[in-house]
Amino acid sequence: MAYFPFFVDIEGKGCLIAGGGTVACRKALTLMDYGPDIIVVSPQVTSEMERLIKESGGKLTWRCREFEESDLENMDFVIAATSDEGLNRQISIWCRERKIPVNVADIQEECSFIFPALIKDGGITVGISTGGSAPALAHYLKEKLKEAIPKGLGGLANQLGSYREMVRERVNSHHVRRSIFRTMTEEGIRQGKYTREQAEELIERKLAEHEK
Ligand SMILES: C[C@@]1(CC(=O)O)C2=NC(=C\c3[nH]c(c(CCC(=O)O)c3CC(=O)O)Cc3[nH]c(c(CC(=O)O)c3CCC(=O)O)/C=C3\N/C(=C\2)[C@@H](CCC(=O)O)[C@]3(C)CC(=O)O)/[C@H]1CCC(=O)O
Ligand SMILES: NC(=O)c1ccc[n+]([C@@H]2O[C@H](COP(=O)([O-])OP(=O)(O)OC[C@H]3O[C@@H](n4cnc5c(N)ncnc54)[C@H](O)[C@@H]3O)[C@@H](O)[C@H]2O)c1
């Protein structure tokens, strides 16, 4: 069955990662781009994880000991990535009892959410999932899509976003607004950017055309 891609704001949310090995580190690195507060519980962490912790400015912290059930308190979501499969399964059960979303490294039956292959550029995120059936295929699609997506779209999305209020204030017609945003997007992609002056001119022109 295909999985539905809810896009969730996890900035400032509490994330617990049990384990500090290769998988834990990969998941922490992926998540850090989206601003959660991550706590790693593990008696040992890799040198790469240690570096991430040091450079995170307090967003990634480490409890240097074995996982305890009480670590789940106040957590918004959990990753179980220890080398103890029985413990990972137990963490999944505890999380489900508490209705905390949980991911168990590479064991889909124990996950209430799974990770997509991701392409990120500023506020734009492309997430690819095969519903768990072929992660290598998700990876392949990611590489193909990366080649196809123009560079700098995150900056453009940010720019276009900053004109939304101006367009909403000045243009009543839903139809004209849509036409403005579509033109801005097409021109923005062609030029690599779209300035406020261009946006203002476009609004005037579209309004004049509409009034004809
Ligand atoms: C997206 C990505 C994110 C990440 O994990 O970082 C991810 N797997 C990635 C790659 C990858 N993983 C594996 C291979 C080797 C080839 C292969 O086996 O196919 C490759 C390919 C490669 O490395 O090129 C091994 C593997 N993975 C899972 C199993 C268990 C099983 O299939 O039962 C096994 C076998 C374990 C074993 O060896 O026994 C399961 C899961 N892996 C998922 C995510 C979730 C479903 C995603 C979906 O819907 O497609 C899910 C369900 C759980 C989860 O959320 O972790 C990342 C994309 C990389 C990228 O971004 O480029
Ligand atoms: N690395 C991979 O590509 C891969 C592929 C498939 C499956 N897996 C599975 O994912 C899980 C993690 O893999 P990994 O490669 O990161 O392992 P790893 O050995 O690199 O790391 C395991 C981590 O778990 C910690 N740990 C052990 N017992 C703990 C406890 N009681 N409480 C808290 N932390 C504890 C260890 O200190 C270590 O930091 C394993 O179950 C593994 O079988 C990994």
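**View 1. Lining of the second largest pocket in the predicted model.** The 23 lining residues include R26, K27, D106, F115 and P135, which lie nearest the pocket centre. A pocket is an open set of points on a 1 Å grid over the protein atoms alone, where a 1.4 Å probe fits, with protein on both sides within 12 Å along at least five of seven lines; lining residues have an atom within 4 Å of a point. Two or more residues each come from α1, β5 (102-104), β6 (117-121) and α4 (135-148), and α4 gives the largest share, 4 residues. Helices (H or I, at least four residues) and strands (E, at least two) are DSSP runs, numbered from the N terminus.

**View 2. Lining of the largest pocket.** Of its 28 lining residues, F6, F7, V8, I114 and P116 lie nearest the centre. Elements giving two or more residues are α1 and β7 (124-128).

**View 3. Polar contacts of ligand 2 (pairs of N or O atoms within 3.5 Å).** A ligand nitrogen atom lies 3.0 Å from a polar backbone atom of F67. Oxygen atoms of ligand 2 lie 3.2 Å from a polar backbone atom of T82 and 3.3 Å from a backbone N or O atom of S83.

**Notes.** Residues are numbered from 1 along each chain as its sequence is written, and chains are lettered from A and ligands numbered from 1 in the order written. In this predicted model local features need pLDDT of at least 70, side-chain atom pairs count only at pLDDT 80 or more, and totals for chains, interfaces and linings use all residues; side-chain values use heavy atoms, without hydrogens and water.

Terms used: Polar contact = N/O pair within 3.5 Å; in protein donor to acceptor, adjacent residues only side chain to side chain.
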